[in-house]
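Hi everyone, thanks for coming.

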Amino acid sequence: MSRAVPGGRDARAAVITALLVILAIALLPMGAYVAILLSWFVVITAGAYVGISPLRLARRGAIALPFLLAAVPVIFLRTDELLWSGTVGPLSFSISGAGLRIALTAVLKAWVSVQASIVLITYVDAPTIVTALRRMRLPDAIATSAGLTIRYLELLRDEAKRMLRARTARSASPVGVGRERIGGSIGWRARTTGNLVGSLFLRAYARAQRIEEAATSRGATGSLSVGTMPAADPRLAMKVIGVFLLALFLTLSGALLPRL
Amino acid sequence: MHLPDGFLAPQLALALWALTAVIVGVALRRLAASREAGGATGRPILMGLVGAFIFAAQMFNFPVATGTSGHLLGGVLAGYLLGPWAGTIVMTTVIGVQALLFQDGGLLALGANIFNMGIIGTLGGTLIARALALALGGGRGARIAAAGIAGWLSVMAGAGITALQLGLSGTTDISVGLPAMLGVHVFIGVGEALITVAALTFIATTAPDLLGAEPVTHTSLARRVGAGAGATAIVISLATLFASTDPDGLNSVAQALGFTHVEAGAPFNLFAGYAIPGLDGAASTIIAALIGAAVIVGLILLLSRVAASRKGDA
Amino acid sequence: MTDQHEHPHTHPGAPLPHSHGHEHAHDVPVAPTGDGTIAISHLHFRYPDGTEALRGIDLTIAGGEKVALLGPNGAGKSTLMLHLNGIHRPTHGTVHVAGMQVSNETIGRVRAEVGLVFQDPDDQLFSPTVWDDVAFGPTHMGLTPGAIHDRVEVALAAVGALDLAQRAPMRLSIGQRKRVALATVLAMNPSILVFDEPSAGLDPRGRRELIELLQSLTQTLIVSTHDLELARATFARSIVVDRGVIVADGSTSEILANRELLLAHGLA
């Protein structure tokens, strides 16, 4: 379903684009809703090019919305630009326009930034991004470790899911016999959860040993940059300049477009 | 606790990126040095698998009350099993992959998230665990108990620092935000502590040779007191920091550093300037809004078609 | 409702290679309280990603029956089994086990009545000792410590693993781990036992011991397997599943003699 081209592509331009666009969005001033909307258009256009519909992107961006909760206090506690103040029952409180602006701007920026991130990971898959980061001087220990984490992520998560499923299958209610407390005490539950964690660790450790043995028997010496580096993008410099201009354009729009 | 983009002042996010890069660089050098010296836990393959393990282990939970469950972040666990430096690298990788693959935490805010959970949480937590273990006598039981306490502390410290960063950026009001964050994380921290202790006990019982940290040899009373005092001092200063942060003080710091960008006195004036020449008043702004909306909807529909055809091309 | 009194069975004439050195402190009721029946009607199941895994299953199994579930990979055997203890819920249709319809209200009791033994015992064994793992089920059910102790002893004895009680599961052989995994489920006194590929990874002796063990069990048995010899030796009835539907249901010997059927559905 994704447009991701495996391994054989230079992803540096894509990574730099995503970072600069997110930075430009972060630099937009408070209340620059039109500029944020404009940056959203940029993101959904890129998304369409990559094969994700704008509505799907918008929906997936919603994972940022719960963070509105963190910003809610400024709405009620700031005292500048009071939109309303009064009492409801025993409570007296006020709504600050400035606070509303801060909260709304933050949430909208987060919403668009998440979508930009999704476009990136759809356009190039994670291993390709790690290779690109290597090229951008990411230290080898981190790149190798990250590559392996990504490689074995699904496998270990599946093991964990199966273990959870097996635990659930034995988490029963009694049938007809006397009972004390269904589900055990909190201490017991924490202990069995810790047992699950510990068991999974031992399995992961054993698997790491097997991988190391297999790797050394094929001549590896510690760095595991798998495969040859993809050919460098000949138009990288042009693309980076283009992205700079785009980011500049977004930042200017933030300064010039009307704000609320 | 994974901050998304848009909530931190960009200058703060970039500054934390720089700080994180420096500290991670230190961790890498320490790791390389210990590998030269024959240490076994800095192997990239093992670190990679432990990273995947932490990810998977975060799925394990246990019900605490109706609707809530305790689960694991894993920073102190990783640090205990692999040592502070390798543990920090592992958590750095985990937090990075969470941001990249699952949008759990922003990319610009990644530096801050690694700082809060990987460095304060893992590096700091593991070092505190070692100090506490020393203070408690250095035996296996002491070390595991210390890891549990440090697990709780690391969750609380990470939450508090996150709240402070939000306050500094003006995105939250610290007088409510900080107590709220700390309050919520009290229980999350307890879950973390319990699972960490249980997991380490399991590993100690089943495969004690795997516990990576070197056993503590000298436990003279003076060293124990010193270690305990050091750990306590750090905890108390953090607690004091959290308790005494007041909104005005934070705001003046933020202003001094140039973080605040709320324009003072900008009129909150809906639809100012959105008028159609020739028409006047509310009617023209409504029509302008409708035209704007139509354009947006049209653009979205067009892009949806483009997306569907691009997807089909794959 | 009191538990019935019953002795654990061993297959006459074939002593289990691992003898248990313990005697029971006193006889403990082990018979399940449900009737061990299974009734599935018009079962359809679609995964969240849209894959239609089960496309109309109708199935009736009587208490105490032993049935082999055959079929190629991806046929839907595992998906079907996961409906029996409520891990999956039907998209359409109903599943009744031991007289109860599987639903949110009954799920606790369903898990006690239907014991699922997963393919990889490592997924099922997560405690420091064998005893702790077998005790997990009864402990979760809230039984008294005395009752838990008795259930664990009986379950371990039934699989011939009492002498392994204090060992760490990680250190056991695959055959031993499979037996312990069964014990963890027996300790809950289910009336129905479901196995996913029990003979995978076993050497010939392990397989022989498995067959003896399965023959000694009195509960309703449903075993999904690729191992046709195991099916022939142990199960009078076989059900062949392919592409989400039942394509054959009847006598094992007849089905295994039908070469066309076997070839058509990836069994030979």
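This is a predicted model: local features need pLDDT of at least 70, side-chain atom pairs count only at pLDDT 80 or more; totals for chains, interfaces and linings use all residues.

Let's begin inside chain A: which residues in α1(A) meet which residues in α5(A)? On the α1(A) side we have A:Ala14, A:Val15, A:Ala18, A:Val21, A:Ile22, A:Ile25 and A:Ala26. Across from them, α5(A) brings A:Lys109, A:Val112, A:Ser113, A:Ala116, A:Ser117, A:Leu120 and A:Tyr123. Sort the residues of that contact by class and you get 11 nonpolar, 2 polar and 1 charged.

For α1(A) and α5(A), the angle is about 175° and the axes are 10 Å apart. Anything over 145 degrees counts as roughly antiparallel, and therefore that is what we call α1(A) and α5(A).

Okay, zooming out to where chain A touches chain B. The contact takes 87 residues from chain A and 78 residues from chain B. On the chain A side, which helix gives the largest share? That's α8(A), with 20 residues. By class, the chain A side has 61 nonpolar, 17 polar and 9 charged residues.

And how confident is the predictor about chain B? Its mean pLDDT is 82, with 83% of its residues at 70 or more. Among the elements of chain B, helix α4, residues 84–102, has the highest mean at 93, while helix α9, residues 247–256, has the lowest at 69. Do be careful with residues 262–272 of chain B, where the pLDDT is below 50. That stretch has 10 contacts in the model beyond near neighbours in sequence.

Back to chain A for one residue, A:Ser173, in the loop between α7 and α8. Why does A:Ser173 count as partly exposed? Because it has 17 C-beta neighbours inside 10 Å, and a buried residue would need 20 or more. Leaving out residues up to four places away in sequence, A:Ser173 touches A:Ile182 in its own chain, plus C:Gly108, C:Arg109, C:Ala112 and C:Met141 in chain C.

That brings us to chain C, which has an open sheet of 6 strands in the order β6-β7-β8-β3-β9-β10, with mixed pairing. At the edges are β6 and β10, each pairing on one side only. β6(C) and β7(C) run parallel, joined by 4 bridges. One bridge partner to look up is C:Ile192 in β7(C), which goes with C:Val114.

That's my tour, thanks!

Note on methods:
Residues are numbered from 1 along each chain as its sequence is written. Chains are lettered from A and ligands numbered from 1 in the order in which they are written. Two residues are in contact if their C-beta atoms, placed from the backbone, lie within 7 Å. Helices (H or I, at least four residues) and strands (E, at least two) are DSSP runs, numbered from the N terminus. Ala, Val, Leu, Ile, Met, Phe, Trp, Tyr, Cys and Pro count as nonpolar, Asp, Glu, Lys and Arg as charged, and the others, Gly among them, as polar. pLDDT is the predictor's confidence in each residue, from 0 to 100. Axes are lines fitted to C-alpha atoms, for helices over the stretch in contact, and angles run from 0 to 180 degrees between N-to-C directions. Angles under 35 degrees count as roughly parallel, over 145 as roughly antiparallel, 65 to 115 as roughly perpendicular and the rest as oblique. A residue is buried if 20 or more other C-beta atoms lie within 10 Å of its own, exposed if 12 or fewer, and partly exposed in between; C-beta atoms are placed from the backbone. Two strands pair if DSSP finds at least two bridges between them.
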